Amino acid sequence: MPEWNEYRIAIPRDGERMNNVSQLVEVHHVVHPPAARAILDHGSIRAGIVHDESRMNQTRHAVIWLSANQWQHGSLYGTVQFTFPWLQLIAGKHFYWVEAIRYQNPAYRILITDKDLGSLKFLTPYDPSVDRGPLRERNGNWYWNSRDTSEFMVDGDLDLSHCIEFKGVQHKRNGCRLYGPGCSERNNSAFVTGGRMLAYLLASGNHALDPALRIQTEGLSRSLSPSVDQGVSGIWFDLVTADAARFDGEVRQRERSVPIVRGALALLGAGRPYEARELVAQLNDETVFRAALTAIVNDHFGIDDWRLIS
Ligand SMILES: [Zn+2]
């Protein structure tokens, strides 16, 4: 009996709902802010050698990790999430069953590659349209076992031009796979983290995620993606609301307010909110701050019609 048998799913019939099966549309890569900043600077998620107890650690094969899971009680892997469309990711690729790991939430691992890895005997070729495991395909629709943890390893770097969503997510409160119980991110709000990552992009003029941030939601008359609106709300909360901004300075002119706010965004993006707030305090009032922030967002995307949601 194949190892994946324990994780198998049935494909739902039309209109049928199954509580351990979901349609597979997108997958996510979650990291902490320092790793996220490195990814943004590089413009892609870089593949790395597998170090954990995986069968893959016998090879020098470099992979990136993606999962379809969204964690109601927070992620074990960090607070910043990059999302990619499944169909684009797997086009023309082969699948190999790697293993299942018996964590508290069992994880099944499938390798996605454009190479023929038949020579690696610890891998088992897996055909999602034939094999009855945790990942299945029928008539172009994909399904995954959403009761357990999906871990997809993709060999090769993943360019951010394919990313379709970028946002902050909640960290698991009582655990971190990378930093253990000492992780400083565990109690951070997803809202604030999303704001700080957007601040990093805006301040540094990094355009790696512009394709994702330009995706508009049908029916919403907004000129940029909801990630931008949420991120800017996070920035506003962090710099104005959270610590009751003082705005006791003299600065009113655009030529001075924009560089000050851009500097505050750089500090915020680097995780230094207290100093960012000190800079913003040099502005004369909230209206000056709003105008400068609006100008920075429009300037970044080369548009002029984006406004803060009031
Ligand atoms: Zn952590």
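Buried area is the accessible area, found with a 1.4 Å probe, that two parts lose on being put together, summed over both. The structure shown is a predicted model, in which local features need pLDDT of at least 70 and side-chain atom pairs count only at pLDDT 80 or more, whereas totals for chains, interfaces and linings use all residues. Residues are numbered from 1 along each chain as its sequence is written, and side-chain values use heavy atoms, with hydrogens and water left out.

**View 1. The protein is divided into domain 1 (3–182) and domain 2 (190–301).** These bounds come from an automatic or database domain assignment, and the centres of the two domains, taken over C-alpha atoms, are separated by 32 Å. Domain 1 brings 18 residues to the contact and domain 2 brings 15 residues, where contact means heavy atoms within 4.5 Å. About 1,400 Å² is buried between domain 1 and domain 2, and carbon and sulfur atoms give 67% of that area. Of the area that domain 1 buries against domain 2, 42% is supplied by Arg 37, Leu 40 and Phe 166, more than any other three residues.

**View 2. Between domain 1 and domain 2 there are 4 residue pairs in polar contact, both residues at pLDDT 80 or more.** A polar contact is a pair of N or O atoms within 3.5 Å; within protein, one must be able to donate a hydrogen and the other to accept it, and residues adjacent in sequence count only if both atoms are side-chain atoms. On the side of domain 1 that touches domain 2, two or more residues come from each of α1 (33–42), β6 (80–85) and β14 (165–168), and α1 gives the largest share, 5 residues. Helices (H or I, at least four residues) and strands (E, at least two) are DSSP runs, numbered from the N terminus.

View 3. Two strands pair if DSSP finds at least two bridges between them. Strand β7 (residues 94–101) pairs with β9 in the antiparallel sense over 2 bridges, and Trp 97 stands opposite Thr 124 in β9.

**View 4. Asp 155 and Lys 115 form a salt bridge, their closest N and O atoms being 3.1 Å apart.** The term requires a side-chain nitrogen of Lys or Arg within 4 Å of a carboxyl oxygen of Asp or Glu. Asp 155 lies in strand β12 (residues 149–155) and Lys 115 in the loop between β8 (107–113) and β9 (124–125), so that the pair links parts of the chain 40 residues apart.

**View 5. Strands β10 (residues 135–138) and β11 (residues 141–145) run antiparallel and are joined by 4 bridges.** Arg 136 has Tyr 143 in β11 as its bridge partner. The hairpin has 2 residues between the strands, and Asn 139 takes a positive phi near 50°.
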